[in-house]
Amino acid sequence: MGTFCSVIKFENLQELKRLCHWGPIIALGVIAICSTMAMIDSVLWYWPLHTTGGSVNFIMLINWTVMILYNYFNAMFVGPGFVPLGWKPEISQDTMYLQYCKVCQAYKAPRSHHCRKCNRCVMKMDHHCPWINNCCGYQNHASFTLFLLLAPLGCIHAAFIFVMTMYTQLYHRLSFGWNTVKIDMSAARRDPLPIVPFGLAAFATTLFALGLALGTTIAVGMLFFIQMKIILRNKTSIESWIEEKVFTWSGVPEGDGLEWPVREGCHQYSLTIEQLKQKADKRVRSVRYKVIEDYSGACCPLNKGIKTFFTSPCTEEPRIQLQKGEFILATRGLRYWLYGDKILDDSFIEGVSRIRGWFPRKCVEKCPCDAETDQAPEGEKKNR
């Protein structure tokens, strides 16, 4: 009951803005299309409600829809749980084991990370999910995982209804030739039952819903498999990513015989140290660029060339405005785009501000001191 109240009684009405995003719009659209068409096909053409099996089937469809939407909105609006602003441990000596977030002006609790989208430090952060337009973390990870489980199961049930509806309605209307297959839809008008004929529009809509159901089953099912693999190892996606980079850089195979429970005693401290080392190494490998052309921050700029326009990064990461004479510290890049931090007050080593994002490669040039070292940002060499 408490969880239900937390969904319908928002602490802040601004949370409703999370629905105004392409992720929730697409997700709720797929849920609405699949569930609505499954109920219509079942009641009108496949399994009428006046039969016992039809009634049970209809109740199951409603049950899938309610449980999927409940866990979806729970994951979206309850949220992952954020580290309080200005938080610090009760024992001051514990600060030596924690990272400090300059944005939140607080220490990061164990297993927490700062999310650039939410602009807060998230407790036990797994990832930022665009489909719920929120982070997946400590408080909503269970609801998110249940959503990943229930969505494929509901789509499998809906797909079964779609297939059986088309089969039963088209069985006597298909004529097979040597090279063609003809469908006589006029037979639907001569059939006294059902009341609403299964016409061409119904067939096209059912076929479209079937494609959505099968695609969702495959895509969301793979996400559920990945999530369960991480959960069973008592990790998060970010922690797995950090460890993967450690194994890659150090050359130590991941299956070194030390299982996760054995390492767990010093795991959090080790992850913090490794993350700090990776950040320091990232700053060392960064390349300093000077802005030679102004850039408005447009997603797909028309005045920077056709190749720059059509190769814009497909990501929600921001673009940053550039003015001639500014300096950028690039950390990674594509063939025609770079990603980095804007340097202010000539503090290009530590960085005074965290203004960062993508910008066209055409707008910048390497500084002489970095051009001599010929050190490319991460990802740039792979795209040459």
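Start with the surface: the protein chain exposes about 22,300 Å², and 64% of that comes from carbon and sulfur atoms. Keep in mind that this is a predicted model. Of the 384 residues in the protein chain, 39% are buried. The chain has 11 helices and 13 strands. If we take contacts with a separation of 6 or more, 63% of them join residues 24 or more positions apart.

Now to the helices. Two packed helices are described by the angle between their axes and the distance between the axes.

The crossing of H3 past H4 is left-handed. On the H3 side, the residues in contact include Trp64, Met67 and Tyr72; on the H4 side, they include Phe144, Leu150 and His157. Sorted by class, this contact has 14 nonpolar and six polar residues, and no charged ones.

H4 also meets H2, residues 22–46. How do the axes of H2 and H4 cross? They come within 9 Å, at roughly 35°. H2 passes H4 in a left-handed crossing. From H2, the contact takes in Ile31, Asp41 and Trp45, among others; from H4, Phe147, Ile161 and Gln169 are among them. The classes here are 12 nonpolar, four polar and one charged.

Phe147 and Ile161 of H4 are also listed in the contact with H3. That is what I have.

Key:
Residues numbered from 1 in each chain as written. Predicted model: local features only at pLDDT ≥ 70, side-chain atom pairs only at ≥ 80, totals over all residues. Heavy atoms only, no water. Left-handed = near helix turned anticlockwise from the far one by under 90°. Helix = DSSP H or I, 4+ residues; strand = E, 2+ residues; numbered from the N terminus. Contact = heavy atoms within 4.5 Å. Nonpolar A, V, L, I, M, F, W, Y, C, P; charged D, E, K, R; others polar. Buried < 20%, exposed > 50% of the residue type's maximum accessible area, 1.4 Å probe, protein only. Areas by Shrake-Rupley, 256 points an atom, 1.4 Å probe, with all protein chains shown as cover. Axes fitted to C-alpha atoms, helices over the stretch in contact; angles between N-to-C directions.
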